[in-house]
Amino acid sequence: MGYRYELRFGGVGGQGSLTAGTMIAEAAVFHTKYYATQVPTYTSQVRGGKAKADIIISDEPITFSETTNVDFFMTTHQSVYDAYRGDLKEGAIILVDPALVKNIPDEDRKKYKVYEYPLIYTAKHEIGNVVTMNVLAVGVCIGLTHVLDKEAVREAIKDRVPPAFLDLNMKAYDLGLEVGEKFRKEGPTKK
Amino acid sequence: MGRIAFLDANAAVAEAAVIAGCGFYAGYPITPSSEVPETLAKIMPERGVPFIMMEDEIASINACIGASASGVKAMTCTSGPGLSLKQEALGEACIMEIPLVLVDVMRGGPSTGLPTRPSQADIMQARWGTHGDHPIIAISPCNAQEAIFETIRAFNLAEKFRQPVYILTDGLLSHLHAKVYLPDPEEVEIVERAAPTVPPEEYYPFDYNYEIPPLAPWWTKDGKSYRYHMSSLNHDKTGFPTVVPPFIQWQEKRLISKIMNHIDEIEKFEYYKMDDAETCVIAYGSVAEAARVAIDEARKAGIKVGMFRPITIWPFAEKQIRDLREKVKRIIVVEMNLGQYILEVQRAVAEKIPIYGVLQAAGIPIRPIQILEKIKNPEKSVEICMTEEELKKFGGGE
């Protein structure tokens, strides 16, 4: 098998996690040579239910979109962290917002590379709008994993965000990339 | 030239409906089908095409019957519980021979069941959900790209055969986003309804001179409509009720034969790695893609296995399934229900070769690994196997 990378973006309904996943998948299919699929899972609740998007990026067509070896997992909610880290592969990268995911077992920190970053606080207070949280997370993800070309992802973000929020989202993306690159150098968050 | 898009099968079906010339949509949203109306609500008004969110499922299909009788291509969309509600009107569309496309995104059941989880539990409801002898056409695409071409085909079949046509997808396929090509209408075959060849005063909606009588527009904006009667009671050529036995028998038989006489045109299926296969997996819809992965894996291990994938689910691929008896040693039917399509396979095979099932109605997709296990050891049960860790995912009141 060729190149394959699995990502999972999880949150509670309304946080924008599914959109974050979609932007990465769209970046792959529209702005790179890769194939990608995105499968969302959600519950009956419109707001507040657990939601996740599983993205597969591959250099081969994807016949059946089943994520079994997740390389990257981002979440902004404890319930989602607890529920959806089952099929992470050993050494997977986990990105969480420590304000909302407080309980990370020690064994997870050994098994995976856990990075903590206050996504929601930063989006709200440094960027200026909490809705940019998902784009900020996409930035951190790309800076940290280098899974896709950062400019390809930038194009995908531009395609999707409303024009009035473009500058704000670009600011969020750039900050995310910077944080991601820093994490990449420094390694997982120490506890 | 068409365009490339990143869509789930729901949005793909919606986009394809517009390409096929869908001129009317009425529906009532229901998970996991709601992206169909969501997409159409955006793109149909832009084209000046009516999109109506009705008060319920029953009104939706009845509105579509009215629209179709008025000469436009009509579609509605729902999921299991909504499909139950639509069944009476579906029967009306069958007996009045109204072209109609009915999208059913299957979810777990019975009743409200599992709103956000996939299943294939409406296979038999699609066939026999409405009462009385009636024909049905049902199509089950396996991915978003195929959903586009099959939706266009569904409209074509509906118009050609004056017949309601199902598109059966499921909660997994309907939400799986993938890169697809949306063709321009000029790039695909689009069938328009046959126009009546006689003036209104000589027109009969069920003219005995035709296998499929042309359906005249009942009402048109320009006033050139044909005024005629339609009844959901058994009727004669005029559309008025009749109890004259030969008329009834003739009409009932014609309803079936107008489909069965053209079975080769309606049936569509795929053989995958079947040339030297000793085991044949039968799977349809998104499950077929899981089966494909399993078959590829099994082939690597030297197992001679292939797949027969019905794309047209109804009418049943009688001849193709019967022929399998001479070609393979065993059949494994894989479906996300407790055994529906397998019943027809069993009937057709008539105990000539063994038939095994991977039948799962657990609200989760059937995994390639389960199918692979079954291919390796057909006698073994491969029902959902989950680790404690995996089970934890499903905790809480979802």
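User: How many bridges join E11(B) to strand E12 of chain B, and which way do they run?

Analyst: In this predicted model, strand E12, residues 305-310 of chain B, is joined to E11(B) by four bridges, and the two run parallel.

User: What is the bridge partner of Cys280(B) in E12(B)?

Analyst: Cys280(B) has Gly306(B) as its bridge partner in E12(B).

User: Which sheet has E12 and E11 of chain B in its order?

Analyst: They belong to an open sheet of five strands in chain B, ordered E10-E12-E11-E14-E15, and the pairing is mixed. The edge strands are E10 and strand E15 (355-359) of chain B, each of which pairs on one side only. Ignoring direction, neighbouring strands of this sheet are turned against each other by 20° on average.

User: On to Met274(B). Where is its place in chain B?

Analyst: Met274(B) is found in the loop between strand E10 (269-272) and strand E11 (279-283) of chain B.

User: Is Met274(B) buried or exposed?

Analyst: Met274(B) is buried, because its relative accessible area is 10%, and the cut-off for buried is under 20%.

User: Which residues does Met274(B) touch, not counting those up to four places away in sequence?

Analyst: Met274(B) touches Cys280(B), Gly306(B), Met307(B), Leu324(B) and Val328(B). Two of these names have come up already: Cys280(B) and Gly306(B) are bridge partners.

User: How many residues apart in sequence are Met274(B) and Gly113(B), and what is their separation in space?

Analyst: Met274(B) and Gly113(B) are 161 residues apart in sequence, and their C-alpha atoms are 36 Å apart in space.

User: Changing topic: what is the order of the open sheet formed by eight strands?

Analyst: The order is E6(A)-E5(A)-E4(A)-E1(A)-E3(A)-E2(A)-E9(B)-E1(B), with mixed pairing, so that strands of chain A and chain B both take part. The edge strands, each pairing on one side only, are strand E6 (113-116) of chain A and strand E1 (3-7) of chain B. From one strand to the next, the twist averages 20°.

User: In what sense do strand E1 and strand E3 of chain A pair?

Analyst: Strand E1 (residues 4-12) and strand E3 (residues 50-58) of chain A pair in the antiparallel sense, over nine bridges. One of the pairs is Phe9(A) with Ala53(A), its bridge partner in E3(A).

User: Lastly, which residues make the nonpolar surface patch?

Analyst: Val130(A), Val131(A) and Phe165(A) make a nonpolar surface patch of about 240 Å². Val130(A) lies in the loop between helix H4 (119-127) and helix H5 (133-145) of chain A.

User: Why does Val130(A) count as partly exposed?

Analyst: Val130(A) counts as partly exposed because its relative accessibility is 38%.

How values were computed: Residues numbered from 1 in each chain as written. Chains lettered and ligands numbered in written order. Predicted model: local features only at pLDDT ≥ 70, side-chain atom pairs only at ≥ 80, totals over all residues. Heavy atoms only, no water. Patch = residues over 30% accessible without salt bridge, like charges linked within 9 Å, V, L, I, M, F, W, Y side chains within 5 Å. Areas by Shrake-Rupley, 256 points an atom, 1.4 Å probe, with all protein chains shown as cover. Salt bridge = Lys/Arg side-chain N within 4 Å of Asp/Glu carboxyl O. Buried < 20%, exposed > 50% of the residue type's maximum accessible area, 1.4 Å probe, protein only. Pairing = 2+ DSSP bridges. Axes fitted to C-alpha atoms, helices over the stretch in contact; angles between N-to-C directions. Contact = heavy atoms within 4.5 Å.
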